[in-house]
2 protein chains.
Amino acid sequence: MFDFRIWFWIHLTMSLQIRFSLNDGLYLKDPQDSKLGKNIIQHSILLIDEYGFESFTFKKLAERIGSTEASIYRYFENKHLLLIFLVNWYWEWVSYLIKVNTMNVSDPRIKLKIIIHSFVFAPKDNPGVEYVNESKLHNIFISEGVKAYHTKDVDKDNSKGFFKSYKSLANSVSNIISEINPQFKYPYALATNLFEMSNNHIYFAKHLPRLTDISVNGNNVDEVETMLNYFADKLLS
Amino acid sequence: MFDFRIWFWIHLTMSLQIRFSLNDGLYLKDPQDSKLGKNIIQHSILLIDEYGFESFTFKKLAERIGSTEASIYRYFENKHLLLIFLVNWYWEWVSYLIKVNTMNVSDPRIKLKIIIHSFVFAPKDNPGVEYVNESKLHNIFISEGVKAYHTKDVDKDNSKGFFKSYKSLANSVSNIISEINPQFKYPYALATNLFEMSNNHIYFAKHLPRLTDISVNGNNVDEVETMLNYFADKLLS
DNA sequence: TTTTTTATGATAGTATTACTATTGTTTTAA
DNA sequence: TTAAAACAATAGTAATACTATCATAAAAAA
C-alpha cells in the first residue's frame, strides 16, 4: 500500500508547489498566487480551528498576519466563501490522495479500502502544501465542513459550481463501488455516506461519545476505519 | 401499522396539550408557559425556515410577532440556544412518535421499520402541537440541525445535557438493533447513521442531487425510506 | 377589592461585525 | 524608469447582538 516511487513523486511535486485549481468564483484574487494570499489560507485554517467558524473574523485574521481587513477582502468576498474555499481544498486533497494511492491498484475492493483509509487518515499519511496544515484542515472540515453547504444560498452556490469537487469525489468513489458490485443500487449514497460517517463519527467520538460505538484515543482513528470497512463489505457482499 | 386507538389517544393527548420537558438550561423562562413564549416557538420555526439560521434575528422575530427584542431575550439568551431548543423539540417529537407507534409491536424488525418510517415521515403522519408546524420544523432540522452541535461550545453544551434527547433516541434505537442482531458490533453508529442519513439524503436530493441516488419528488420521501430499510436489513443480516 | 408581583412594551444605548471607500506607499512588471 | 498593480492605513456605515431602564398592563395574592 505504500509505494516509495509514489512517495518520492509526491515530494517532488510538492517541491514544485502543488496547486489546486479551485473554482475561481470562490475568490476575487487567487490566494495561491501571493505571499499575502498564502498567509490568508494558512492562518485562516489555524484561526478557524482555534476560535470556531462563528467567532472567526477577518479582523482577527488581519491582526494575526499583520495585515488589514480591507486587504483580506480583496481576496475573499466574505468569510463564508473562504470556508467553502477551504472545504474545497480538503475535497481536492482527498481526491488527489485517492488518485495517487490507487493508481497502480486494479482490484476495486482494495481501491475502496484505500479510499476509506484516505477519508480517515487524509491529513496524517502525507506531507502537504507547506503553508497548509492538513491535520488542522481536517479538524475544521470535521467541525465546520457541513456549514459550507447548509445555508440558504446552497442552490445559488451550487449553480456556481462550488460543490463540484465533492460531486466529483462522490462520483469516482461510486464508480469503484459499482465495480465491486454492479447490482448495488445506492453507489452514490454509499460513497457520500462513508465520507460523512467518517467525519461524523470522529466528531462524535471526541465530543458526543454516546452517539457512537467507536472511540478515538488521541488521534488514533483506526476504529473508524475498521467500522467503515465493515459497513462497506457487508453492504456490498 | 396504523392503529386507531393510538391515533385517538394521540389526539386526546394533543387536546390536553402535549408538553415536552426539555432541558431547562436551554431557556430563561419556559416558552411553553405563555402566549408570547408559544409565539416565539411558532414564528421562530417559520422565520428560520424562511431566512435560514444565519439571517434569522431576534429583531425580525420581534417585528413578526409584534413584540420587542428585549422581550424575546427574556426567554432565550441568544438565537443559538433557541436553535438547540428547537432541535431538542424535534428529537423529542421523533422519540415520542417511535414510542407510541412501537408500543404494541414485539418484533424488533418491525420496530426498526417503524423507526425508519418515523425518521423520514415524522412531520407528516401525525398532527402535532397546535403552535408547532412539524413539517417546517423537520425542514429546519434538516437544513440547520447540525449547527446545534457543531460549535466551539459543544463540550460545554453537552455537559449541560443539551444533547441528552439525541443520546436517548440513539440509545433506544440501538437497543432494538441489538435485539435484531445481538452480534452486530455498531448498534449506536447504525442508529445515528440511519437518522443522519435520512436527513442528509433528503437534503441532498433537494439541493445536491448528484450526491445521492434517490430523488424526492415534491415531498415524497418514499425512496429514502426504502434505501434506509435496505441498508439496515443488509447490515443486520 | 386592593395590593403586589410578574410579564411585557417602549425606548435608548453599546460593542462588535461585516463590510465599503479613499488615499498614499511599496512592490512588481513592461 | 515608468506605469501598474498590490498592499497598508484610516475612516466610516449599517446591521447585529446584546444590556439597561422605566412605564404599563395583566395576573395573582392579600
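The legends below describe close-up views of a predicted model.

Local features are given only where pLDDT is at least 70, side-chain atom pairs count only at pLDDT 80 or more, and totals for chains, interfaces and linings use all residues. Residues are numbered from 1 along each chain as its sequence is written, chains are lettered from A and ligands numbered from 1 in the order in which they are written, and side-chain values use heavy atoms, with hydrogens and water left out.

**Figure 1. Chain A as a whole is built from eleven helices and zero strands.** Helices (H or I, at least four residues) and strands (E, at least two) are DSSP runs, numbered from the N terminus. Along the principal axes, the C-alpha atoms of chain A fill a box of roughly 55 × 45 × 40 Å. The radius of gyration of chain A is 18 Å, which agrees with the value near 18 Å for a compact globule of 237 residues; the radius is taken over C-alpha atoms, and the globule rule is 2.2 Å times the number of residues to the power 0.38. Of the 237 residues, 57% count as buried. Here buried means under 20% relative accessible area, exposed means over 50%, and partly exposed lies in between (1.4 Å probe, protein chains only).

**Figure 2. The surface and charges of chain A.** Chain A exposes about 10100 Å², and carbon and sulfur atoms supply 51% of this area. Accessible areas come from the Shrake-Rupley method with a 1.4 Å probe; for residues, only the protein chains shown count as cover. The mean positions of the 26 positive and 26 negative charges are 2 Å apart. Lys and Arg count as positive and Asp and Glu as negative, while His and the chain ends are not counted; the place of a charge is NZ of Lys, CZ of Arg, CG of Asp or CD of Glu.

**Figure 3. The two chains and their axis.** Chain B is superposed on chain A by a rotation of 180 degrees with 0.0 Å of shift along the axis (RMSD 0.0 Å). This is the relation of a two-fold axis. In chain B, the C-alpha nearest the axis belongs to B:L235, 3.1 Å from it. The same surface serves both copies, as 100% of the contact residues of chain B recur in chain A. Contact means heavy atoms within 4.5 Å, and copies are superposed by least squares on the C-alpha atoms of residues with pLDDT of at least 70 in both.

**Figure 4. A:I140 in helix α7 (residues 134-144) of chain A.** A:I140 counts as buried, at 4% relative accessibility. Not counting residues up to four places away in sequence, A:I140 touches A:I45, A:I48, A:D49, A:L86 and A:G145.

**Figure 5. A:K79 in helix α5 (residues 79-102) of chain A.** A:K79 counts as partly exposed, with 25% relative accessibility. Beyond residues up to four places away in sequence, A:K79 touches A:F53, A:E54, A:F56 and A:F58. The C-alpha atoms of A:K79 and A:L61, 18 residues apart in sequence, are 11 Å apart in space.

**Figure 6. A:H43 in helix α2 (residues 35-51) of chain A.** The relative accessible area of A:H43 is 18%, and the residue is buried. Leaving aside residues up to four places away in sequence, A:H43 touches A:L61, A:R64 and A:I65.
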